[in-house]
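Here is a short report on one protein structure. Look at the sequence and the 3D view first, then read on.

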Amino acid sequence: MASSSLVGPLVFPSENGHQVWEDQSFIKWRKRDAHVTLRCHESIEGSLKYWYERNKVSFVVSNSAPWNDDAVTGALDSAALWVRGLPFVESLSGHWKFYLASNPGNVPLNFYHTAFQDLEWETLPVPSNWQMHGFDRPIYTNVVYPFPLDPPFVHVDNPTGCFRTYFGIPEEWKGRRILLHFEAVDSAFCAWINGVPVGYSQDSRLPAEFEITDYCYPCGTDKKNVLAVQVFRWSDGSYLEDQDHWWLSGIHRDVLLLSKPQVFVADYFFKSNLAEDFSYADIQVEVKIDNSRETSKDSVLANFIIEAALFDTESWYSSGGSADLLSSNVANLKLDLSPSTRLGFHGYLLVGRLKVPRLWSAEQPNLYTLVVILKDASGNIVDCESCLVGIRQVSKAPKQLLFNGHPIIIRGVNRHEHHPRLGKTNIESCMVKDLVLMKQYNINAVRNSHYPQHPRWYELCDLFGMYMIDEANIETHGFDLSGHVKHPTLEPSWATAMLDRVIGMVERDKNHACIISWSLGNEAGYGPNHSALAGWVRGKDPSRLVHYEGGGSRTPSTDIVCPMYMRVWDIVKIAKDPNETRPLILCEYSHAMGNSNGNIHEYWEAIDHTFGLQGGFIWEWVDQGLLKDGADGTKHWAYGGDFGDVPNDLNFCLNGIVWPDRTPHPAMHEVKYVYQPIKVSFRDGTLKITNTHFYETTKALEFSWAAHGDGCKLGSGILSLPLIEPQKTFDIELQSAPWHTLCASSSAEEFFLTITSKLLHSTSWVEAGHVISSTQVQLPAKRDFVPHVSKTKDATFISEILGDTLKVGQQNAWEIILNIKKGTFESWKVEGVPLMTKGIFPSFWRAPTDNDKGGGASSYLSKWQAAHIDNLHYITKSCSVQNMTDHLVKVAVVFLGVPKSEEGSLSGVENKNVLIEIDVVYTIYSSGDVVVECNVRPSSNLPPLPRVGVEFHLDKSVDQIKWYGRGPFECYPDRKAAAHVGVYEQNVGDMHVPYIVPGECAGRADVRWVTFQNKDGFGIYASIYGSSPPMQLNASYYTTAELDRATHNEDLIKGDDIEVHLDHKHMGLAGDDSWSPCVHEKYLIPAVPCSFSIRLCPITPATSGHDIYKSQLQL
């Protein structure tokens, strides 16, 4: 297309009559071929110095990661950092002039001309998304397109950003070629230099590069060049970018000027082929040379010399002082002049051999620096390119993905590029924060969901050690909702655009050691176009696997069976299918929406013990909340709809295991536990410690043990173990273990042993002493379990009935007032201090979690609402004082749970409206003990219940909680493997978990006893009683109703007291997905009769929870 046709406000027709941004066959103009990231070095030494500095990155960098307004400056600082040490690369990042037009037809006339006056325009930082700076609005959708589905057209309301900036060409660049490089622009754009159109491009996540040599003013002139860019929010390319994230627009990655000689290294592809015994690696580098501006097209080899060298970076930082970088050369590659056997390859092949290579893996990320050199006939360096490379081998075996010959396990997570303040713009320290957190929580793999990410991300994954699936920027999920339009994969007219995106990804990222597989995209259906994509990738790069889930995850276009959200029993079934020879790796599983990730341990029990299962990628890494100013001036995390965006998918963007500022969710502890590489198990008197690493021994680890009896520490120490080789196990017999005599001499009822491994030395991603693994096993009890009983004193107490109240107490010690009409406590004081303000009520309802809400009419919430469990009201059918002596008072109550609409008098309640009948017997002893015995009889036609337990309210001052149970963090019946049984202490405020959308939270599982005390030590003790199993504990300033009402954490209003729940049973959280009721059966609470007992008693500064608990044991 002639350049003149790009002049004007870009409303020109393309060849088929469409506008260029609404024509799937017109995806680029004057755009250079995709290639690896270019550095444009001046020398070999310059290349090595660049990487010497660039590789100096560690967890320390992450400490300065900004997540607030400071990030705006941080993004500009990172852009400058990434070009430091590159004399022939300049960043154009900074504050550009900006104007937002309502649509392409309304852009200012001739805004790209040099004479255009932009003084009145706003300024906008580049890189950025303009919606994050007050222009337009963010839109969040999961599936539906935010414009009418009418491909390739986008609606008239198409906000269009106009950008202008100014630059000069350094004198040192004289006589060289100039390339304009956009790292990524969303969604389509065209650019002008000094009023001349230089190019058009689509694909919001890959670079676009144009040669502008002929359009720039000569070096040394005072005239500044004008770069003008027009960015379309929507284009036909948007139909291929329907990923589950925020729709944000603009120049969101850096803009660079590259300076190259007239003939230069344009691209190169590093390949290594390992010997069978890994004793050496044959190395190849395919090099492409650009001599397109040379008048003579004679062979490049007649005038130039092409070389490559490999340098070992490990030695650079061990010298202590300044490193002799050139001496680290370990291999030189020479030109292979034999005829190429590859059809269509017009580059040059360099070959060499590296003896005894240090292999790259996520466990041992050994890297080399490759330098590709172009010299003139005299041997002078003309051009130099470089990158980090790793020697490793990806291969297949029946039902296995092999990495360096080993069937590695993928302990992965999906990661969107997301920053709460910047949107899609990246910062070095924030990317490092993501990686060090992943490493610290035993994550070893990342899937780039669902598009190629910032170039620096790949370097960091190479450096820190992170397996990667690199994914093409193709998703057409919204087409699933349309019956009248075919998926683009079925349309030949979309084939070029889809292939271009895959080619661009592979060509840019092909030299990164971390990439084990190329993905053809996500949720884009399946059809002939995918077959074409897979064919191209396999032909271009047979050294990696191809991944694609669409079409059922088992099509010919994937080398990995890669389902999403498939149930545990189904993945095991596929693994055991003799006709399926591919490994199974879940591309998405354990949907982390809000309080979630239940039963993830069941997936890993299957993965760890089933041949053919090799792990998976959790959905997803980060809650995609955006910072938004509230009415009171404070900032909060917003989700879909909070910006007035229509359509939207509300909080379905909040599926992370970390909050937007990378604070880990409690579920991260469970992830770390199931992903830990050191596994500990106990069976038949033998403790087994297994090193599941494939390359690392336990040399870098220190093991320790700690034994506890009934929550009290019996002893601890360093565990001296022999070196455990990868994939090997060491056994310890219980009788000979250092903790055996301690347990044998203890009178405790239950014993727990904790085995912990810590790093002996600091690494790039964490300090020494970091816990790699920690496993608690329960040791055999010395005797059978004996039910707990209350051992009461023979002290007398005062009891009297005044009207509807029963007052029981011991003078100056404690006092309980019980309403014998309602059958509930009105107050409980200890030494005059008010503690319980109301209670004790039956409790069956919880504030719904996101998983409770998922599934429409079939969701747990819908079923609960239909059964009126969400608005139960308790009517007292009867209350009687059954026994009253000097030492004991017994009160029997019968509660009827009825819908609130039926909450009239008892006489108005019909039996058919009674959903649950609860018998409660309070036995109040003279010692101050209160034993609560509950007998629950639910209607048999009720759905599974959220919880079965009791609720009471404490004075706000009673805010110190100590418990013996699982902790210290939030845990639930189906997410508690990482939570060790112990004695923990916290205040009520700190127990609350601030999920962005409130719901049930802050629970603690398997609680034996708990104390609630004020700062002076007065309070109430509660424990299991009789043969009742451990309880689920919850205490909060927020009522269940308030957690249900509020739609944002900052909207929560604290109640007048503390609401406490002690649950005999609590339903699991689920997490297999968030759109169907999927709590596993063993974690459901069927509506069947059950009984349980709880003991309560006063506690003072002179007593402790442990002592009270021990006093009721039958020894």
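## Confidence, rings and a sheet

The protein has a mean pLDDT of 94, and 95% of its residues reach 70 or more. pLDDT is the predictor's confidence in each residue, from 0 to 100. This is a predicted model: local features need pLDDT of at least 70, side-chain atom pairs count only at pLDDT 80 or more, and totals for chains, interfaces and linings use all residues. Residues are numbered from 1 along each chain as its sequence is written, and side-chain values use heavy atoms, with hydrogens and water left out.

Over residues 1–14, pLDDT stays under 50. The model has 33 contacts for this stretch beyond four places in sequence. A contact means heavy atoms within 4.5 Å.

Now the aromatic rings. The whole structure holds 52 aromatic pairs. Rings of Phe, Tyr and Trp (its six-membered ring) pair if their centres lie within 6.5 Å; planes under 30 degrees apart count as stacked, over 60 as edge-to-face and the rest as tilted. Two of the pairs are set out here.

| Pair | Centre to centre | Angle between planes | Type |
|---|---|---|---|
| Phe-98 and Phe-135 | 4.8 Å | 75 degrees | edge-to-face |
| Tyr-140 and Trp-246 | 5.9 Å | 55 degrees | tilted |

Phe-98 lies in strand E3 (residues 94–101). Phe-135 sits in the loop between strand E4 (122–126) and strand E5 (139–141). The two are 37 residues apart, and their pair links distant parts of the chain. Strands (E, at least two residues) are DSSP runs, numbered from the N terminus. Phe-98 is buried at 1% relative accessibility, and Phe-135 is buried at 16%. Buried means under 20% relative accessible area, exposed over 50%, partly exposed in between (1.4 Å probe, protein chains only).

Tyr-140 is in strand E5 and Trp-246 in strand E12 (residues 245–247), so their pair ties together parts 106 residues apart in sequence. Both residues of this pair, Tyr-140 and Trp-246, are buried.

Ring pairs also build a cluster. Its members are Tyr-145, Phe-147, Trp-234, Tyr-239, Trp-247, Phe-479 and Trp-494.

Which strands form the open sheet of three? Its order is E32-E33-E36, with antiparallel pairing. Two strands pair if DSSP finds at least two bridges between them. Strand E32 (678–683) and strand E36 (728–733) are the edges, each pairing on one side only. Six bridges join E32 to strand E33 (residues 686–691).

Definitions and conventions. Helices (H or I, at least four residues) and strands (E, at least two) are DSSP runs, numbered from the N terminus.
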